[in-house]
Amino acid sequence: MASEIFCNRWTALVLRELLCGTTRFNELRRGVPRMSPTLLSKRLKELEEAGVIVAVPTGQHGVMDYKPTEAGEDLRGIVMSLGFWGQRWVESTLSLKNLDPGLLMWDMRRNLQPTPLPPRRTTINFIYPEMRPDRKSWWLVVEQEKVDLCLTDPGYDVDLYVSCPLRAMTAVWMGVAKLNNEVEAGRIKVTGDSSIAKSMQQWLGLSPFAQGQRAVV
């Protein structure tokens, strides 16, 4: 019965998003971009019926906050273990074939550390030259503890530009490659505020699973 709840397709990824703090339907869609809205609705309903999550009205018409129950929180160890298993045993060449800039940037937004950045609004423009025009440029806007991800120009002065192939940034985020090595090799180009550039590895961080020791390459 536990397998019927947890092992349905996409369920582990939906739970990952919920356990990482995502609560709204549209935000869940950004975290699991290849999942159809219809199937996401179905999975959320199933998880609610199973007592894994609870849907809390927000006061806005038709908008709910989805939050893990105690039973849902008890699945955190399983979800994290699955991610660390993948980091250890799934070949990086296979992982780096299925690249999605939206998923990468959403995960980076969620894990960004504002502390090393200046105590003012900071705008960082990530550019993936090989992507189609509507997926090429992404902005992270950091103001105090709030981090926003924009796919359209927010209109602020850009403090730092980061230009590179999507594969290079994904490899850094996964812990497969080192940021400094990629910058020195010219695969990642960083221009703008030198202090923000210098502290990039500190505020960028890594995927929560990047610290897992790889058994395959």
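1. The model is a predicted one. Helices α2 and α4 are roughly perpendicular to each other, because angles of 65 to 115 degrees are classed in that way. The crossing angle is roughly 75°, and the axes of α2 and α4 (residues 37–49) come within 11 Å.

2. The contact between these two helices can be stated by residue. From α2, Thr11, Val14, Leu15 and Leu18 take part, and they meet Leu40, Arg43, Leu44 and Leu47 of α4. Sorted by class, the contact of α2 with α4 comprises six nonpolar residues, one polar and one charged.

3. Helix α2 (residues 11–19) also packs on helix α6 (residues 76–89), where the axes cross at roughly 110° and come within 10 Å. The angle therefore makes α2 roughly perpendicular to α6. The crossing of α2 with α6 is left-handed. On the α2 side the contact is made by Ala12, Leu15, Arg16 and Leu19, and on the α6 side by Arg76, Val79 and Leu82. Five of the residues in the contact of α2 with α6 are nonpolar and two are charged, with no polar residue.

4. The contact of α8 with α10 has six nonpolar, two polar and one charged residues by class.

5. Which element gives the most to the lining of the second largest pocket? That element is α8, with three residues. The pocket holds about 170 Å³ of space. Its lining consists of Cys20, Gly21, Thr22, Glu27, Trp106, Arg109, Arg110, Glu145, Lys146 and Val147. Two or more of the lining residues come from each of α8 and β5 (146–150).

6. By class, the second largest pocket is lined by five charged, three nonpolar and two polar residues. Among the lining residues are Glu27, Arg109, Arg110, Glu145 and Lys146.

Methods:
Residues are numbered from 1 along each chain as its sequence is written. This is a predicted model: local features need pLDDT of at least 70, side-chain atom pairs count only at pLDDT 80 or more; totals for chains, interfaces and linings use all residues. Side-chain values use heavy atoms; hydrogens and water are left out. Ala, Val, Leu, Ile, Met, Phe, Trp, Tyr, Cys and Pro count as nonpolar, Asp, Glu, Lys and Arg as charged, and the others, Gly among them, as polar. On a 1 Å grid over the protein atoms alone, a cavity is a set of points where a 1.4 Å probe fits but cannot get out, and a pocket is an open set with protein on both sides within 12 Å along at least five of seven lines; lining residues have an atom within 4 Å of a point. Grid points are joined across faces, edges and corners, and a volume is the space filled by probe spheres set on the points. Helices (H or I, at least four residues) and strands (E, at least two) are DSSP runs, numbered from the N terminus. Axes are lines fitted to C-alpha atoms, for helices over the stretch in contact, and angles run from 0 to 180 degrees between N-to-C directions. Angles under 35 degrees count as roughly parallel, over 145 as roughly antiparallel, 65 to 115 as roughly perpendicular and the rest as oblique. A crossing is left-handed if the near helix is turned anticlockwise from the far one by less than a right angle, and right-handed if clockwise. Contact means heavy atoms within 4.5 Å.
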